[in-house]
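These are my notebook entries on one protein chain. I set down each term as I came to need it.

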Amino acid sequence: MKSLKAIQVLAKIGKVLSKIIFILCIVGFCFCAVGIVSLAVGLESFKIGDLTVQSIIEDNSGLPVQMMYLYMAVSMIFCVAEAVISKFAEVYFKNEIADGTPFTLRGAKELLRLGIIDIAVSYGAVILCAIGTAIAGQFVSGTEEMQFGGFSSVGIGIAMIIVSVICRYGAEIREEKAEN
């Protein structure tokens with residue numbers, strides 16, 4: 001039963017990490033929203049010596065203000081997507097810990113759902129950002145440099161789907177032994 005204890009420890013770590021990622025996504029979303037509002041309100045009014053805060057940000061980032069808006073909007077979308085995925089992961093880990101084993105039909109079904117959600121939400125965010133960037137590209141130059149391929153986590157989603165099949169098989173064997 002050492003393996004089961006190790007699985008349970010990993011599930012507890014997964015639950016904690018999922019919760020931390022969820023909180024960080026909310027914080028990231030809020031910071032991006034504050035950044036957009038700050039740029040919209042006008043950082044030109046805030047001066048440090050002869051320089052405005054907006055000019056300092058533009059000089060250090062090397063980006064025009066319109067691109068900063070776009071990067072923050074894209075970041076907000078990715079934060080929401082990752083928050084959704086991490087919340088579903090937290091629910092899965094919480095239920096797995098309560099069950100005491102990953103080899104339950106409910107757990108396998110939840111893991112399958114998590115894998116599908118991971119693929120769908122991450123691809124949905126990438127597609128949404130690509131469409132928004134393409135539209136913004138009609139008004140702002142430099143948008144073609146933005147890349148979103150690294151965000152989609154299809155490999156992780158597929159792995160979750162495969163593991164869910166293994167867990168379902170384990171649950172079926174467990175039920176057979178309980179019947180006998």
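**Entry 1: Salt bridges**

I began with the term salt bridge, which means a side-chain nitrogen of Lys or Arg within 4 Å of a carboxyl oxygen of Asp or Glu. I noted that this is a predicted model, in which local features need pLDDT of at least 70 and side-chain atom pairs count only at pLDDT 80 or more, while totals for chains, interfaces and linings use all residues. I also noted that residues are numbered from 1 along each chain as its sequence is written, and that side-chain values use heavy atoms, with hydrogens and water left out.

How many salt bridges does the structure hold? I found three. Lys 19, Lys 87 and Glu 90 are linked in a network.

I looked up the pairs of this network. Glu 90 and Lys 19 form a salt bridge whose closest N and O atoms are 3.5 Å apart. This pair links distant parts of the chain, since Glu 90 belongs to helix H3 and Lys 19 to helix H1, 71 residues apart. For helices (H or I, at least four residues) and strands (E, at least two) I used DSSP runs, numbered from the N terminus. Lys 87 also forms a salt bridge with Glu 90, and there the closest N and O atoms are 3.2 Å apart. Lys 87 and Glu 90 are separated by about one helical turn, because they are three residues apart in helix H3. In general, an α-helix has 3.6 residues a turn, so residues three or four places apart point the same way.

Is Glu 90 buried or exposed? I recorded the cut-offs before answering: buried means under 20% relative accessible area, exposed over 50%, and partly exposed in between (1.4 Å probe, protein chains only). Glu 90 has 9% relative accessibility and therefore counts as buried. Lys 19, at 39%, counts as partly exposed. Lys 87 is partly exposed as well, with a relative accessible area of 34%.

I then turned to Asp 99 and Arg 106, which form a salt bridge with their closest N and O atoms 2.7 Å apart. Asp 99 is partly exposed at 28%, and Arg 106 is partly exposed at 40%.

**Entry 2: The chain as a whole**

I counted the elements next. The chain has five helices and two strands, and from the N terminus on they run α-β-β-α-α-α-α. Of the 180 residues in the chain, 33% are buried.

I also looked at contacts, where contact means heavy atoms within 4.5 Å. Among contacts with a separation of 6 or more, 79% are between residues 24 or more positions apart.

**Entry 3: Helices H1 and H5**

I compared helix lengths with the expected span, which is 1.5 Å times one less than the number of residues. H1 has 40 residues and reaches 58 Å from its first C-alpha to its last, close to the expected 58 Å. For H5 (residues 154-179), the 26 residues should span 38 Å, and the end C-alpha atoms are 37 Å apart, which agrees.

Which residues of H1 are buried? I listed several, including Gln 8, Ala 11, Gly 14, Ser 18 and Cys 25. What covers the buried residues of H1 includes H3. In H5, the buried residues include Gly 157, Met 160 and Ser 164, and their cover includes helix H4 (105-136).

I checked Ala 159 too, which lies in helix H5. It is partly exposed, with a relative accessible area of 37%. Ala 159 and Leu 111 are 48 residues apart in sequence and 10.0 Å apart in space, C-alpha to C-alpha.

**Entry 4: Nonpolar cores**

I took a nonpolar core to be a set of buried Ala, Val, Leu, Ile, Met, Phe, Trp, Tyr and Cys residues joined through side-chain atoms within 4.5 Å. The largest has 12 residues, among them Met 67, Leu 70, Phe 78, Val 126 and Phe 148. Helix H3 (65-99) and H4 each supply at least two residues of this core. The largest share, five residues, comes from H3. Another core, of seven residues, lies apart from it and includes Ala 89, Tyr 92, Ala 108 and Met 160.
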